[in-house]
Amino acid sequence: MEKRRFYITTPIYYPSDKLHIGHTYCTVATDAMARYKRLTGCEVMFLTGTDEHGQKIEDKAKEAGVTPQQYVDNIVTGPRGVLDLWKLMNISNDRFIRTTDDYHVTAIQKIFKKMHDNGDIYKGIYKGKYCKPCESFWTESQLVEGKCPDCGREVQDAEEEAYFFKLSKYADKVQHLLEDTDFLEPRSRVNEMVNNFIKPGLEDLCVSRTSFTWGIPVDFDPGHVVYVWVDALSNYITALGYCNDKYHDYDSWWPGIHFVGKEIVRFHSIIWPAMLMSLGEPLPKKVFGHGWLLLDGGKMSKSKGNVVDPYILAEMFGVDALRFFLLRTFPFGSDGNFSNEALIQTINVDLANDLGNLLSRTVSMVGKYFGGQLPAGCGPIEEELHFAEGCAKRNCIGAGVEPGGTACDLELIALAASLRNRYEDAMEHFAFQNALTEIFKVIDRANKYIDENAPWVLAKDMEANGPRLAHVMYNLLETLRICAILLTPFIPTSAAEVLRQVGACEACSSWDSAGQWGALAGDLTVRRGENLFPRVDADKALRELEAAAEAAKKAALPDLEIEPQLEEKVDFDTFCKSDFRAVKVKDCQPVKKSDKLLKFTLDDGTGTDRQILSGIAKWYKPEDLVGKTLMAIVNLPPRKMMGLESNGMLISAVHTEKGEEQLNLLILDGKIPAGAKMC
Ligand code: ME8
């Protein structure tokens with residue numbers, strides 16, 4: 001039988017900066033879906049990548065003093081870049097597309113020409129409101145209080161010759177697609193798209209630019225580069241070989257499913273289907289718009305700079321713990337508040353207490369009471385097997401059936417045997433959180449089962465209770481086996497380790513066997529291993545996280561910042577009115593109750609001591625300055641600070657290093673006499 005095929009994609013991310021936990025969230029969810037589909041026997045194509053063109057990247061590269069290509073290369077392939085991050089997070093993508101890849105560039109030129117030749121792309125003048133950080137054009141009516149509806153920043157008027165895509169032509173078809181099919185999920189996003197974008201009237205879409213050069217050139221009209229969405233959205237098909245020779249499996253994989261964040265649902269559910277209609281290609285099977293991870297109630301985003309670094313979290317808590325947290329905590333379709341406290345709590349409660357303890361208690365009891373190997377014949381009795389089969393078939397959790405064995409056995413068996421059904425239902429609806437909730441209900445029940453059966457009491461009389469104890473252990477291992485199989489898409493490394501420890505063979509680690517109670521051999525041998533999920537000391541971890549975030553922030557700061565020179569001119573006469581003099585420090589004292597001020601007694605060449613207060617205590621010890629010749633402006637009006645009078649100001653040089661202000665007094669040659677005029 002031919003395998004079912006499943007094609008799934010993440011958005012291609014902008015490498016304008018390092019990726020953060022929000023990108024990781026979407027990629028981990030897509031990975032879990034891809035792994036789940038592989039587990040169920042599908043052939044899977046999982047694509048992710050980077051969206052490397054556009055003005056923002058051009059600007060960023062200029063700021064960094066490198067070419068745009070060098071800039072994106074560093075973020076994508078450089079140390080701790082995008083590729084490293086996905087490797088660290090154990091992402092199982094089959095392909096990775098970069099929009100600067102040659103094959104994609106050629107394909108985009110062909111796609112653009114195709115749409116131009118069929119009359120759907122035409123030349124006009126673009127006038128609009130442009131949000132630079134979001135690289136989005138908006139109409140007046142879409143602005144919120146005159147600002148970008150996505151990020152709330154100022155927008156600019158923009159006007160230029162440009163090509164347009166006849167999006168308006170497809171408005172009715174797209175509306176039908178959204179309203180009358182399950183194309184877009186969650187369903188709540190459909191109204192948003194139809195009411196906010198389609199009903200007010202779909203305008204044609206600007207698809208080329210002349211105001212920047214970092215993009216794919218329109219080959220039949222030099223000076224124009226393809227504007228970002230045609231370039232970006234087409235990645236989903238160029239990566240399969242559409243209009244290029246790099247790959248040849250477009251027909252076998254397309255159409256697929258797109259996971260995207262809710263802010264780009266508009267592009268994926270309106271523009272993308274319209275583009276495909278224009279090209280005469282099949283439409284995606286589905287677009288799922290997931291929610292945002294919020295930080296202190298606001299969206300985490302590169303342009304706001306309030307991002308959480310997945311590297312720090314994965315290195316501190318482990319990759320699987322982070323993957324698990326992201327999908328266990330936030331319903332995929334809704335927004336959720338990210339916090340380090342919630343992450344630690346999830347690790348401690350679900351992974352350390354519930355799953356980790358169940359595994360380590362069970363495996364160590366099998367070690368202690370049976371030398372690591374259960375006696376043959378401790379597996380399910382015939383009635384239990386029938387009962388489990390019935391539960392799995394009818395997806396019941398055991399009510400009303402009472403064959404031999406005890407009630408708590410049957411409750412556990414019923415829950416575990418039917419788990420795969422409930423899990424599958426949730427996974428097919430992209431409800432990762434619900435799938436995990438179902439697994440953890442079974443894990444909770446198994447922990448309770450240990451307490452109900454008190455194996456340590458049974459073990460006191462092995463002769464009488466040995467077979468019962470072995471059966472209890474078997475039930476626990478079997479429950480763990482089923483849960484571990486179903487956890488594989490979420491925590492691949494740890495789930496494999498659970499399966500190893502409970503002695504599951506390859507056949508009883510499969511999807512099919514996750515729906516069968518009793519697949520473990522009766523005389524199995526457990527293998528003790530390390531504690532999979534150690535408890536996290538919350539206070540210590542939070543302190544470490546704060547320090548790591550602080551260090552990362554510092555490392556990202558520029559080495560040296562110098563204030564730009566003033567544009568405004570000052571006339572020579574005004575300049576000459578400032579009286580700069582050499583002054584010699586006769587005495588220097590800290591000012592009481594002030595961390596900043598030093599009080600100077602200075603010889604200014606007039607024969608009368610001059611007092612100046614200067615806020616430089618952070619950089620100088622008073623005693624080091626006595627005897628030095630400094631520069632001061634002496635004709636400023638007197639000023640009172642901390643009750644003391646200051647007559648003038650000492651001159652120093654200031655700059656910023658790694659975010660810290662540095663100050664150096666102008667210390668003059670000692671040969672210069674006090675009072676000498678500077679000019
Ligand atoms: O939009 N919470 O790239 P991008 C959850 N290049 N998910 C988040 C998130 C957050 N706080 N922040 C980002 C682009 N994401 C375009 C896409 S596709 C043809 C072109 C995730 O780097 C989420 O999936 O801004 C979002 O849609 C995506 O990253 C945007 O990444």
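Strand E16 and strand E24 (residues 652-657) run antiparallel to each other and are joined over 2 bridges, where strands are DSSP runs of E with at least two residues, helices are DSSP runs of H or I with at least four residues, and both are numbered from the N terminus. Two strands are said to pair if DSSP finds at least two bridges between them. Within this pairing, Leu-560 stands opposite Glu-657 in E24. The two strands belong to an open sheet of 3 strands with antiparallel pairing, in the order E16-E24-E25. Strand E16 (560-561) and strand E25 (660-665) are at the edges with a single partner strand each, so one side of each has no neighbour in the sheet.

The model described here is predicted, so local features need pLDDT of at least 70 and side-chain atom pairs count only at pLDDT 80 or more, whereas totals for chains, interfaces and linings use all residues. Residues are numbered from 1 along each chain as its sequence is written, and side-chain values use heavy atoms, with hydrogens and water left out.

The chain is divided into domain 1 (5-308), domain 2 (363-514) and domain 3 (572-668), with bounds that come from an automatic or database domain assignment. Between domain 2 and domain 3, the C-alpha centres lie 78 Å apart.

A second open sheet has 6 strands in the order E3-E2-E1-E11-E12-E7, and its pairing is parallel. Its edge strands are E3 and E7, each of which pairs on one side only. Inside this sheet, E11 and strand E12 (residues 286-290) pair in the parallel sense over 5 bridges, and the bridge partner of Gly-261 in E12 is His-290.

His-290 is listed with Ile-12, Asp-51, Glu-263 and Leu-293 as the residues that come nearest, out of the 26 residues around the ligand; a residue is counted as near if one of its heavy atoms lies within 4 Å of the molecule. Gly-261 has a backbone N or O atom 2.9 Å from an oxygen atom of the ligand. The table gives this polar contact with two others, a polar contact being a pair of N or O atoms within 3.5 Å; within protein, one atom must be able to donate a hydrogen and the other to accept it, and residues adjacent in sequence count only if both atoms are side-chain atoms.

| Residue | Atom in the residue | Ligand atom | Distance |
|---|---|---|---|
| Ile-12 | polar backbone atom | nitrogen | 2.8 Å |
| Asp-51 | N or O atom in the side chain | nitrogen | 2.8 Å |
| Gly-261 | backbone N or O atom | oxygen | 2.9 Å |

Helix H6 (residues 171-180) has Ala-171, Val-174, Gln-175, Leu-177 and Leu-178 as its buried residues, where buried means under 20% relative accessible area, exposed over 50% and partly exposed in between, for a 1.4 Å probe and protein chains only. Seen down the axis of H6, these buried residues fall within an arc of 160°, so they line one face of the helix; the arc is that of the directions from the helix axis to the C-beta atoms. An α-helix has 3.6 residues a turn, so residues three or four places apart point the same way. On the other side of H6, Asp-172, Lys-173 and Asp-180 are exposed. The cover over the buried residues of H6 includes strand E7 (184-185), helix H7 (188-198) and helix H11 (265-279), with contact meaning heavy atoms within 4.5 Å.

Several loops hold details of the backbone. Another cis peptide bond joins Trp-254 and Pro-255, with omega about 5°, and Pro-255 is placed in the loop between helix H10 (250-253) and strand E11 (257-261).

Asn-90, in the loop between helix H4 (82-88) and strand E3 (95-98), has a positive phi of about 60° although it is not a glycine, and Asn-90 counts as partly exposed at 25% relative accessibility. Lys-593 lies in the loop between strand E17 (580-590) and strand E18 (598-603); it too is not a glycine, yet has a positive phi of about 65°, and at 84% relative accessibility Lys-593 counts as exposed.

Lys-132 is found in the loop between strand E4 (121-131) and strand E5 (136-138), and is partly exposed with a relative accessible area of 31%. Leaving aside residues up to four places away in sequence, Lys-132 touches Gln-55, Lys-56 and Asp-59.
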